[in-house]
Amino acid sequence: MEKSEHKSTVQRRVLILEKLESMGQVDVTSLSKDLQVSEVTIRNDLKRLEQKNALIRARGGAIKVDRVGIDFTLSDKNKQHLDEKKRIGKLASSLIEDGDTIILDSGTTTMEIARNLGSISDLTVITNALNIANQMAEHPKANVIIPGGFLRKNSLSLVGATAEESFKNYFCDKLFLAVDGFSVSHGLSTPNVEEAHLNRIMMSISKQVIVVADSSKFHKRSFAFIAPVTEIDVIVTDAGIPAEDQKKLENAGIQVMIV
């Protein structure tokens, strides 16, 4: 009897994941009716599946979680949501003032910020991204600081103990942080552990933390945790942001800027 019950539990959870894969999200009430079990049983299924990182529980149901730990190259990322990234980069650059000292984290969206800084003077840019440093080298009125470290070829970024110690020598007005995963419940995340640790140091030395992320990053969790969303001041994103997430962020005192 126990084996039969276990088998039905496994089969039910497989069906839940199949529905989630095809629909992107599921709700407790519908699953209860379709699978002919109580809502309490469905909630327990969702709880167990979340513990295995198979989904993310949301209000009244669950949403699909993308595979964690995938570390795309910059060339791959450049093909994804490029129009949104360009608009986000342009809007985010409007937050920078003459005389600012800023950090530009590695990423394709922060690269779009770098491309929109031509009118800013007396600017100091600290970046661990070689492609962004190369872009800023063309800026006639910007000082560029590059920390040492080990080169991550996928992101063209410098990470490791040398980079971390270098960042600890500075204090900055604004950090522009790109993330791979953004969850109101589970925080900011990225595929690389060393990158995540360096990001936390960047946050600790900055007066203002500004996350730049297109809406496809929402409800995603990557491998390495950076920080809870309560540690950020501003999020610059596009109109695809879930309305419920926007409300939660604003209620938490975080400024939401939408292009």
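Biologist: Strand β4 (residues 101–104) and strand β5 (residues 123–127) are joined in the parallel sense by four bridges. What makes them count as a pair?

Modeller: Glad to start there, and please keep in mind that this is a predicted model. A pair needs at least two bridges, and β4 and β5 have four, so they qualify. In one of these bridges, T101 has T124 of β5 as its partner.

Biologist: In what order do the strands of the open sheet run?

Modeller: The sheet has seven strands, in the order β6-β5-β4-β9-β12-β14-β15, with parallel pairing. On average, neighbouring strands are turned by 20° against each other, direction ignored.

Biologist: Why do β6 and β15 stand at the edges?

Modeller: Each of them, β6 (142–145) and β15 (255–258), has a single partner strand, so one side of each is left without a neighbour in the sheet.

Biologist: How do you know that β3 pairs with both β1 and β2?

Modeller: Count the bridges. Three of them join β1 (residues 25–27) to β3 (residues 61–64), and four join β2 (residues 55–58) to β3. With a cut-off of at least two, both therefore count as pairs, and both run antiparallel. I63 in β3 is the bridge partner of Q25, and I56 stands opposite I63 as well.

Biologist: Which residue takes a positive phi in the hairpin of β2 and β3?

Modeller: That is G60, with a phi near 80°, in a hairpin that has two residues between the strands.

Biologist: Let's turn to helices. How do you know that the span of α5 agrees with its number of residues?

Modeller: Helix α5 (residues 82–93) has twelve residues, which at 1.5 Å a residue should span 16 Å. Its end C-alpha atoms are 16 Å apart, so the two agree.

Biologist: Which residues of α5 are buried, and what puts them on the same side?

Modeller: The buried ones are K85, I88, G89, A92 and S93. They cover an arc of only 130° around the axis, which puts them on the same side of α5.

Biologist: Now the charges. Why is the contact of K19 and D34 called a salt bridge?

Modeller: The nitrogen and oxygen must lie within 4 Å; here the N to O distance is 3.5 Å, so the contact passes. K19 lies in helix α1 (residues 2–23) and D34 in helix α2 (residues 28–35), so the bridge ties together parts that are 15 residues apart in sequence.

Biologist: How many salt bridges does the whole structure hold?

Modeller: The search finds 14. One of them joins R57 to E50, with the closest N and O atoms 3.1 Å apart. Another joins E165 to K168, at 3.3 Å. Salt bridges that share partners also link R12, R13 and D45 into one network.

Biologist: Why is E50 called buried, and R57 partly exposed?

Modeller: Buried means under 20% relative accessible area; E50 has 16%, so it is buried. R57 stands at 39%, which is between 20% and the 50% above which a residue is exposed, so R57 is partly exposed.

Biologist: What makes Q36 exposed and L249 buried?

Modeller: Q36, in the loop between α2 and α3 (39–51), has 72%, which is over 50%, so it is exposed. L249, in helix α10 (residues 243–251), has 1%, which is under 20%, so it is buried.

Biologist: Last one: why is the aromatic pair of F182 and F218 called tilted?

Modeller: The centres are 4.6 Å apart, within the 6.5 Å needed for a pair. The planes make an angle of 40°, which is neither under 30 degrees (stacked) nor over 60 (edge-to-face), so tilted is the word. This is the one aromatic pair in the structure, and both F182 and F218 are buried. F182 sits in strand β10 (residues 181–183) and F218 in the loop between β12 (206–212) and β13 (224–227), 36 residues apart.

Definitions and conventions. Residues are numbered from 1 along each chain as its sequence is written. This is a predicted model: local features need pLDDT of at least 70, side-chain atom pairs count only at pLDDT 80 or more; totals for chains, interfaces and linings use all residues. Side-chain values use heavy atoms; hydrogens and water are left out. A salt bridge is a side-chain nitrogen of Lys or Arg within 4 Å of a carboxyl oxygen of Asp or Glu. Buried means under 20% relative accessible area, exposed over 50%, partly exposed in between (1.4 Å probe, protein chains only). Axes are lines fitted to C-alpha atoms, for helices over the stretch in contact, and angles run from 0 to 180 degrees between N-to-C directions. The expected span of a helix is 1.5 Å times one less than its number of residues. The arc is that of the directions from the helix axis to the C-beta atoms. Rings of Phe, Tyr and Trp (its six-membered ring) pair if their centres lie within 6.5 Å; planes under 30 degrees apart count as stacked, over 60 as edge-to-face and the rest as tilted.
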